[in-house]
Amino acid sequence: MMLIIPFLSPLQEYISIPKEVRISISQPVMASENPVPAFSSKEMDVATDSVFHEYAGLPIKKTEMKPVKDLRLIPGGHSVGVELQTKGVLVVGHHLVSENNERQTSPGENADIQIGDILLTGNGKELNHMEDLSSLVDQSGRNNKDITFKVKRGGDTFETSITPTINKQDNEYQIGLYVRDSAAGIGTMTFYDPISKKYGALGHVIADMDTKKPIEIHEGTIVNSRVTSIEKGGQGVPGEKKAEFSLTDDRMGTIAKNSSFGVFGDLETPIINKKYQKGLPIGYAEEVKEGPAEILTVLKGDKLESFDVEIVRNMPKDSPVTKGMIIKITDPELLDKTGGIVQGMSGSPIIQDGKIIGAVTHVFVNDPTSGYGVHIEWMLKEAGIDVYENNKQKAS
């Protein structure tokens with residue numbers, strides 16, 4: 001009996017009733033478009049927030065109704081360059097300082113500074129550039145004084161002191177640390193909201209090449225870039241877009257956030273998409289269907305093109321996830337030129353049934369024709385764009 005119960009039709013119908021349904025306030029709302037035999041629900045007013053499903057006249061499950069705004073986003077696909085200035089200076093390695101011919105040491109390593117640590121301040125002064133650190137080390141060394149650093153490691157901060165040591169080979173004071181204060185790369189614009197001027201790009205976090213940890217940013221710049229060539233991918237070897245850009249001549253806007261869902265900020269000049277000049281509505285996770293879709297991306301110069309893909313699997317979640325869809329490249333032209341998904345394609349918007357549903361994020365290394373996609377709603381949340389309608393309105 002226990003084995004049979006899960007397969008009973010009423011139980012299956014009960015499980016299939018959603019806990020939450022997002023509805024557009026501009027559309028008529030029915031609590032259930034396809035009523036099931038065992039359970040019934042009635043036409044409802046959006047302002048009531050929820051609907052109860054009944055069985056034999058008894059309420060047995062509630063569905064929350066959440067009105068959403070009629071947002072229209074300009075789809076991206078444009079190749080972009082990003083430049084990030086770190087918050088503090090990032091420690092990426094240790095090196096030995098030659099005090100004399102016999103003794104070598106790394107003062108930073110001796111002070112338990114680890115790779116991946118962030119030096120936030122030195123003697124109370126912010127360190128946002130390598131020059132800030134170099135000047136402090138030289139000044140403290142000449143005055144024979146310790147430097148008290150405020151260090152961030154993961155979610156914790158602590159203080160430690162380091163005494164700069166003269167490197168006889170270079171005749172300068174050093175603390176035995178390799179540091180970095182910036183990072184740059186390329187990716188793809190996902191969307192632009194013409195109302196708030198906010199954008200989202202890349203679909204995944206930018207991590208430091210040495211520490212593999214997410215870069216905490218002090219400030220950043222996003223710029224237009226031009227694709228110069230494509231390195232075709234193959235099994236076990238991901239391909240790559242090659243592009244060029246100028247941080248001064250091609251500036252588009254600022255980067256305020258670097259998260260697991262991409263980079264986000266404000267654009268100073270709007271992006272233009274000739275195919276979708278008026279923008280597209282949002283397709284939420286529960287609306288995504290397994291089947292045909294398209295992505296927008298650039299393969300040469302700044303020419304924006306559309307290519308066919310297939311949504312192989314949709315995996316909607318109640319909480320933010322970066323891997324919400326599995327997609328497969330089906331377009332013969334794209335497969336011929338790139339072999340599938342390549343580095344630099346991350347952030348390419350995914351469009352289905354005239355709606356933006358997400359962005360390309362990762363490639364399967366052993367199968368470059370396939371990869372993951374992130375649902376658009378999680379990128380919008382990271383961008384600070386609220387999709388829900390605050391002022392309750394009555395549906396008609």
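**Salt bridges, a covered helix and an enclosed strand**

Glu 382 and Lys 257 form a salt bridge in which the closest N and O atoms are 3.3 Å apart, a salt bridge being a side-chain nitrogen of Lys or Arg within 4 Å of a carboxyl oxygen of Asp or Glu. Because Glu 382 lies in helix H5 and Lys 257 in strand E21 (residues 257–259), the pair ties together parts that are 125 residues apart in sequence. Helices (H or I, at least four residues) and strands (E, at least two) are DSSP runs, numbered from the N terminus. The model is a predicted one, in which local features need pLDDT of at least 70 and side-chain atom pairs count only at pLDDT 80 or more, whereas totals for chains, interfaces and linings use all residues. Residues are numbered from 1 along each chain as its sequence is written, and side-chain values use heavy atoms, with hydrogens and water left out.

Helix H5 (residues 376–383) is itself mostly covered, with seven of its eight residues buried; buried means under 20% relative accessible area, exposed over 50%, and partly exposed in between (1.4 Å probe, protein chains only). Among the buried residues of H5 are Trp 378, Met 379 and Glu 382. Just after H5, Gly 384 takes a positive phi of about 85°.

In total, the structure holds 16 salt bridges. One of them joins Lys 198 and Asp 266 (3.8 Å, N to O). This pair links distant parts of the chain, 68 residues apart, with Lys 198 in strand E16 (residues 198–201) and Asp 266 in strand E22 (residues 262–266). Lys 275 and Glu 294 form another, their closest N and O atoms being 3.3 Å apart. Glu 294 is buried, with a relative accessible area of 13%. A network of salt bridges links Asp 112, Asp 117 and Arg 153.

Attention now turns to strand E9. Five of the five residues of E9 (residues 118–122) are buried, so the strand is largely enclosed by the rest of the structure. Strands count as paired if DSSP finds at least two bridges between them. E9 pairs in the antiparallel sense with strand E6 (residues 79–94) over two bridges, and Val 89 has Leu 119 in E9 as its bridge partner. Four bridges join E9 to strand E11 (residues 147–153), again antiparallel, with Gly 122 opposite Phe 149 in E11. In the hairpin of E9 and E10, two residues lie between the strands and Asn 123 takes a positive phi near 50°.
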